[in-house]
Amino acid sequence: MSLSPYVPIIGLFALAAGFALFSVAAARFAGPRRYNKAKLEAYECGIEPSPQPVGGGRFPIKFYLTAMLFIIFDIEIIFLYPWAVNFDALGVFGFVEMVLFIVAVFVAYAYVWRRGGLDWD
């Protein structure tokens, strides 16, 4: 078993790890260190941070619904890409299966939309 086909991949990983380590180290040495109260506070999209209880607080369910929607559509893309690559080899059966998959995903999307999961109040 020869490892020569894997040498470029290992080299790329080593280059990426080296760049990441260098970036973190360079930022540590080159960056300014002027900390104040405002920089140490939590940042919430430009608005004043809301106070949290000492043991942590409960998040509204809409945060989790939004995260699950992103995951669902990411999974859809993960399934659509290989299907698009092998579309000719799959034939009509592959087309019908993908149409059923997309219909199922859009039924879930319509349900969330109808229930107000996309309304951000």
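Six aromatic pairs turn up in this predicted model, where rings of Phe, Tyr and Trp (its six-membered ring) are paired if their centres lie within 6.5 Å, and planes under 30 degrees apart count as stacked, over 60 as edge-to-face and the rest as tilted. Helices here are DSSP runs (H or I, at least four residues), numbered from the N terminus.

Follow helix 4 onward from Tyr 109 and you reach Trp 113, four residues apart from it, or about one turn of the helix. Their ring centres are 5.8 Å apart and their planes stand at 50°, so this pair is tilted. Trp 113 has a relative accessible area of 53%, so it counts as exposed. Together with Phe 73, the residues Phe 106, Tyr 109 and Trp 113 make up one aromatic cluster.

Now turn to helix 3, which covers residues 61-85. Its 25 residues should span 36 Å at 1.5 Å a residue, and the end C-alpha atoms are 37 Å apart, which agrees; the expected span is 1.5 Å times one less than the number of residues. Which residues of helix 3 are buried? Leu 69, Glu 76, Leu 80 and Trp 83 are, and the buried residues of this helix pack against helix 4.

Though buried, Glu 76 has no salt bridge, meaning a side-chain nitrogen of Lys or Arg within 4 Å of a carboxyl oxygen of Asp or Glu. The nearest side chain of opposite charge is that of Arg 115, 20 Å away; Lys and Arg count as positive, Asp and Glu as negative, while His and the chain ends are not counted. Setting aside neighbours within four places in sequence, Glu 76 is in contact (heavy atoms within 4.5 Å) with Phe 101, Ile 102, Val 105 and Phe 106.

Residues are numbered from 1 along each chain as its sequence is written, and side-chain values use heavy atoms, leaving out hydrogens and water. As the model is predicted, local features need pLDDT of at least 70 and side-chain atom pairs count only at pLDDT 80 or more, while totals for chains, interfaces and linings use all residues.

Methods:
Helices (H or I, at least four residues) and strands (E, at least two) are DSSP runs, numbered from the N terminus. Buried means under 20% relative accessible area, exposed over 50%, partly exposed in between (1.4 Å probe, protein chains only).
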